[in-house]
Amino acid sequence: MLFFLVCVLFTYTTAGRPLTRAWERGVTATYSYDNGGGLSSISYNDSGATPGVTRTFDRRGRSKTIAQNSITTTMAYNGFGRRLSESYSGGMLGGQAITNDFDSHQRRTIAIAAGLGATAQNYTYDTGGRL
């Protein structure tokens with residue numbers, strides 16, 4: 001049997017959120033937070049070998065965009081917090097998008113994948129609410 005011991009060292013903000021994470025291999029991740037305490041970015045000290053991550057949020061604290069390397073994911077939600085759409089720019093998924101629609105009970109009624117080959121999946125429910 002082989003056992004591997006991985007040493008990871010964390011430091012924390014005064015609010016108890018992770019501030020840095022240092023791996024045994026010498027890479028340190030630094031976490032940044034917005035004024036509301038939400039994680040807004042992660043950067044690494046390995047000269048760009050590990051791409052950083054930047055996030056933005058809507059007024060309700062839900063992820064609006066996530067950017068890493070040259071890839072950006074953009075999300076939109078309905079008033080109940082259900083994800084209406086997710087689209088990608090850059091990278092292998094550039095130009096791809098997923099769109100959802102929901103009924104009055106917030107059950108998904110259609111999912112549409114757009115991009116290279118548009119696909120739609122309809123969902124229907126019986127009177128007992130079963131798919």
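Modeller: Residues 24 or more positions apart make up 2% of the contacts in the protein chain with a separation of 6 or more. This is a predicted model. The C-alpha trace spans about 55 × 40 × 35 Å along its principal axes. Of the 131 residues, 18% count as buried.

Now the charges. The protein chain holds 13 positive and 8 negative charges, and their mean positions lie 4 Å apart. Side chains of opposite charge can pair when their charged atoms come close. The whole structure contains four salt bridges.

One of them joins R62 and D58, at 2.8 Å from N to O. R62 counts as buried because its relative accessibility is 19%, under the 20% cut-off. D58, at 22%, counts as partly exposed.

Another links R107 to D103, with the closest N and O atoms 2.9 Å apart. Here the aspartate D103 counts as buried, at 19% relative accessibility, while R107 is partly exposed at 25%.

A further bridge runs between D126 and R130, whose closest N and O atoms are 3.0 Å apart. D126 is partly exposed, with a relative accessible area of 34%, and R130 counts as exposed at 56%.

Definitions and conventions: Residues are numbered from 1 along each chain as its sequence is written. This is a predicted model: local features need pLDDT of at least 70, side-chain atom pairs count only at pLDDT 80 or more; totals for chains, interfaces and linings use all residues. Side-chain values use heavy atoms; hydrogens and water are left out. Buried means under 20% relative accessible area, exposed over 50%, partly exposed in between (1.4 Å probe, protein chains only). Contact means heavy atoms within 4.5 Å. Lys and Arg count as positive and Asp and Glu as negative; His and the chain ends are not counted. The place of a charge is taken as NZ of Lys, CZ of Arg, CG of Asp or CD of Glu. A salt bridge is a side-chain nitrogen of Lys or Arg within 4 Å of a carboxyl oxygen of Asp or Glu.
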